[in-house]
Amino acid sequence: MGLNDTPAGERLTIGFFGRRNAGKSSVVNAVIGQDLAVVSAVRGTTTDPVRKAMELLPLGPVLIIDTPGIDDDGALGELRVRKTRQILRQTAVAVLVVDATLGLTAPDEELLAIFRDQNIPYLIGYNKADLLGENSPRDGKPRDNEIFPAARSDALFISATTGENIDALKKRLAALVPAPEIKLRLIGDLLNGGDFVVLVTPIDASAPRGRLILPQQQTIRDILESDATAIVVKEFELRDTLAHLGKKPRFVITDSQVFAKVAADVPPDVPLTSFSILFARYKGDLRQAVAGAAATENLRDGDAVLIAEGCTHHRQCDDIGTVKLPRWLKNYTRRDLRFTFTAGGEFPDDLSPFKLVAHCGACMLNAREMQYRRRLAAAQHVPLTNYGVLIAYLQGILPRCVESLELRVERVEFL
């Protein structure tokens with residue numbers, strides 16, 4: 001997988017925020033060195049977040065997001081502001097673009113307060129510095145005056161027009177991000193060199209044509225980086241493959257949709273789990289997901305269940321989120337349940353109407369966004385689980401599927 005193929009969920013997200021006509025899009029274009037966003041003198045030209053994957057050294061793969069103006073008004077303006085706030089949930093580093101001829105305004109201060117409240121590292125870029133003439137310092141730091149009340153270490157003058165301090169902006173962005181203390185792994189931390197791992201990947205109407213889905217690709221890559229061997233089979237080839245393998249696999253990892261068949265074909269002494277459960281461990285909180293699955297026992301007639309997808313895709317006739325999971329939940333609980341579906345960046349701030357949230361593996365969402373969703377559910381006392389964890393629970397095999405991940409479940413209950 002090359003740099004440009006790095007999944008969006010694995011990239012560091014850098015968001016550019018500010019008022020309309022502060023020059024956010026021009027600054028983004030200057031940072032990435034190409035015309036990504038449409039720029040215009042007309043206020044509010046950027047109507048939806050615009051994304052660009054690139055490499056920003058020394059950070060590596062990043063996702064740059066240009067957001068609509070935070071000071072937009074009217075019904076459409078409210079929608080744009082809401083989209084901007086959604087981006088904030090995903091943002092690892094923020095750039096507040098301020099019109100240097102105006103200085104900080106109330107909407108800018110509101111954004112700064114959000115950055116601080118959400119512990120988002122940030123920089124302030126005073127754009128249009130070329131219009132200030134001699135008032136534009138060349139050391140990159142704002143001076144104390146009536147427009148800039150205090151010289152700030154978190155700010156610098158820039159100009160998208162002349163390129164002033166654009167390189168300095170990029171370097172300071174890179175310096176804002178601390179190196180992670182622990183590199184999270186999907187499965188590699190549980191593997192040794194020479195291990196065999198068997199992956200079960202159904203090829204049916206729901207499988208994308210000509211490729212494996214992203215969780216399968218990422219799992220294979222992590223296995224190979226561990227100097228282990230990945231063996232990929234379809235569900236109907238699994239039993240024969242295990243019989244002729246000649247070596248006990250360290251894991252069998254399956255698509256959750258064929259859990260029942262795979263569990264029947266895998267000997268009890270071979271660790272079994274699913275791609276989705278691995279992602280619950282990798283990007284979420286596996287214990288929270290396990291406890292959330294047990295909350296299905298408390299569902300009653302008329303209860304609402306939120307099923308959340310982290311990406312948007314064409315729905316197949318037997319789609320797991322909109323068709324299979326609702327069917328399996330109804331069959332298990334024997335309750336008349338109501339379902340709400342969200343996709344991509346859409347996720348309600350108010351979860352109180354729901355008795356359960358079932359979330360996909362979130363391969364397209366970054367860890368910060370998933371952390372926000374998990375904390376939101378916990379704060380509102382709404383159980384949240386994961387597709388694979390929930391399916392394993394409904395089929396009575398959850399303890400086996402998480403025990404292999406060093407999480408023992410003797411009695412599952414909603415905490």
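The model is predicted, and local features need pLDDT of at least 70, side-chain atom pairs count only at pLDDT 80 or more, and totals for chains, interfaces and linings use all residues. Residues are numbered from 1 along each chain as its sequence is written, and side-chain values use heavy atoms, with hydrogens and water left out.

The secondary structure of the chain comes to 13 helices and 14 strands; these are DSSP runs numbered from the N terminus, helices being H or I with at least four residues and strands E with at least two. Among contacts with a separation of 6 or more, 73% join residues 24 or more positions apart, where contact means heavy atoms within 4.5 Å. The chain exposes about 19300 Å², and carbon and sulfur atoms supply 50% of this area (Shrake-Rupley method, 1.4 Å probe; for residues, only the protein chains shown count as cover).

Helix α1 spans residues 24–32, and because 7 of its 9 residues are buried, the helix is largely enclosed by the rest of the structure. The buried residues are Lys-24, Ser-25, Val-27, Val-28, Asn-29, Val-31 and Ile-32. These residues pack against strands β1, β2, β3, β4 and β5 and against helix α4. Just after α1, Gly-33 takes a positive phi of about 75 degrees.

Helices α10 (residues 320–333) and α12 (residues 387–394) pack at an angle of about 30 degrees, with their axes 11 Å apart. Axes are lines fitted to C-alpha atoms, for helices over the stretch in contact, and angles run from 0 to 180 degrees between N-to-C directions. The angle therefore makes α10 roughly parallel to α12 (under 35 degrees; over 145 is roughly antiparallel, 65 to 115 roughly perpendicular and the rest oblique). In α10, Ile-320, Gly-321, Leu-325, Trp-328, Leu-329 and Tyr-332 meet Tyr-387, Leu-390, Ile-391, Tyr-393 and Leu-394 of α12. The residues of this contact divide into 10 nonpolar, 1 polar and no charged; Ala, Val, Leu, Ile, Met, Phe, Trp, Tyr, Cys and Pro count as nonpolar, Asp, Glu, Lys and Arg as charged, and the others, Gly among them, as polar.

Arg-334 lies in the loop between α10 and β12. Its phi is near 55 degrees, a positive value in a residue other than glycine, and Arg-334 is exposed, with a relative accessible area of 74%. Asn-165, in the loop between β6 and α4, has a positive phi near 65 degrees and is likewise a residue other than glycine.

Conventions. Buried means under 20% relative accessible area, exposed over 50%, partly exposed in between (1.4 Å probe, protein chains only).
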